[in-house]
Amino acid sequence: MAEDIKAKLDQYRTAPFDARFPNQNQTRNCWSNYLDYHRCQKALTAKGVDITPCEWYRRVYKSLCPMSWVEKWDGQRDDGSFPGKI
Amino acid sequence: MAHQAHAYHMVDPSPWPLTGAVAALLMTSGLAIWMHFHTTTLMSLGLVLLLLTMYQWWRDIIREGTFQGHHTPPVQKGLRYGMILFITSEVFFFLGFFWAFYHSSLAPTPELGGCWPPTGITTLNPFEVPLLNTAVLLASGVTVTWAHHSIMEGQRKQAIQSLTLTILLGFYFTALQAMEYYEAPFTIADGVYGSTFFVATGFHGLHVIIGSTFLAICLLRQAQYHFTSDHHFGFEAAAWYWHFVDVVWLFLYISIYWWGS
């Protein structure tokens, strides 16, 4: 299972088509993967497990999201004002 | 001596449309002046002129209809159409604010946390004061219907009692809402939640006050024997308006207070 994830990450070029977000507006795609990465990271570090599975979400949101959004959200998480549920 | 050979009302020349238009001009430009130069003089002047116009214009209509007999059946039919069209326009007015609410709440943006109610908003419990408000307005719908039947049956005292009760229920609603506004944990400045909540419920509250005032005028007129058992259109118009206000509240309650919480 971990090998599959590593293989997927090696083959990664950009975010693939996600049928949950089929239209031109990809805001939700970026938002969803940003949340999923940080939730995954939080959950797996709480269990004390390797966070490699979370890498996928990080790659996707890094590909999709405008840098200014990521910077803003990272800043909000740092000072506790991030509105999303992580 | 010639007199009209038709049942319609050729209204005598009146200054009130002009004063009303001038009031509208002064209020709108006064609003702009207030925003730029911090004086409310022009706007207040417009407001005073508006109040004077409303009082005198409607007083004249009552004179023409109740005392001079100009409101024949076809004239009354025209007045009915007028009130229905006006209420329809108000429906569209509120439709806009409901559109705004649903636009923001059905697909909440990342800025809100991707959820509704937005992150950080503590909503009002729909089963506390808002539910009481619903009961109050529904009850007032019953009492205004009671008043209507009393008028139609020539029961003067009952008509006055039920109309008074309706108005008191209206005041009770307004007082409860005012208290809710004061005690609410969020303000109009709290993002799109605050905006949609207070603009929609605020305009509704204004309409409750207008409706209560209209009913109060009807109470005064009933006390002064203006209404007969088969001609009391002023009252019917007020009752229609009041039911409209009640229905808007029901939509607000279901959408914003209950679903939106």
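Predicted model: local features only at pLDDT ≥ 70, side-chain atom pairs only at ≥ 80, totals over all residues.
Domain 1 covers residues 1-70 of chain B, and domain 2 covers residues 71-258.

On the side of domain 1 of chain B, 11 residues are in contact with six residues of domain 2 of chain B. Together, the two domains of chain B bury about 740 Å² between them, and carbon and sulfur atoms account for 66% of that area. Three residues stand out on the domain 1 side: B:Ala7, B:Ile62 and B:Thr66 supply 44% of the area that domain 1 of chain B buries against domain 2 of chain B, more than any other three residues. Sorted by class, the residues of domain 1 of chain B that touch domain 2 of chain B comprise five nonpolar, five polar and one charged. Zero salt bridges are found across this domain interface, while four residue pairs, both members at pLDDT 80 or more, are in polar contact between domain 1 and domain 2 of chain B.

Chain B meets chain A through seven residues from chain B and seven residues from chain A. The area buried between chain B and chain A is about 510 Å², with 56% of it on carbon and sulfur atoms. On the side of chain B that touches chain A, the residues divide into three nonpolar, three polar and one charged. Between chain B and chain A, three residue pairs (both at pLDDT 80 or more) are in polar contact, and the count of salt bridges across this interface is zero.

B:Thr196 belongs to helix 6 of chain B, which runs over residues 191-223. Is this residue, B:Thr196, buried or exposed? With a relative accessible area of 9%, B:Thr196 counts as buried, because the cut-off for buried is under 20%. Leaving aside residues up to four places away in sequence, B:Thr196 touches B:Ala100, B:Phe101, B:Trp116 and B:Ile256. A polar atom of the side chain of B:Thr196 also lies 3.1 Å from the backbone oxygen of B:Tyr193.

Methods. Residues numbered from 1 in each chain as written. Chains lettered and ligands numbered in written order. Heavy atoms only, no water. Contact = heavy atoms within 4.5 Å. Buried area = accessible area lost by both parts, 1.4 Å probe. Salt bridge = Lys/Arg side-chain N within 4 Å of Asp/Glu carboxyl O. Polar contact = N/O pair within 3.5 Å; in protein donor to acceptor, adjacent residues only side chain to side chain. Nonpolar A, V, L, I, M, F, W, Y, C, P; charged D, E, K, R; others polar. Domains from an automatic or database assignment. Helix = DSSP H or I, 4+ residues; strand = E, 2+ residues; numbered from the N terminus. Buried < 20%, exposed > 50% of the residue type's maximum accessible area, 1.4 Å probe, protein only.
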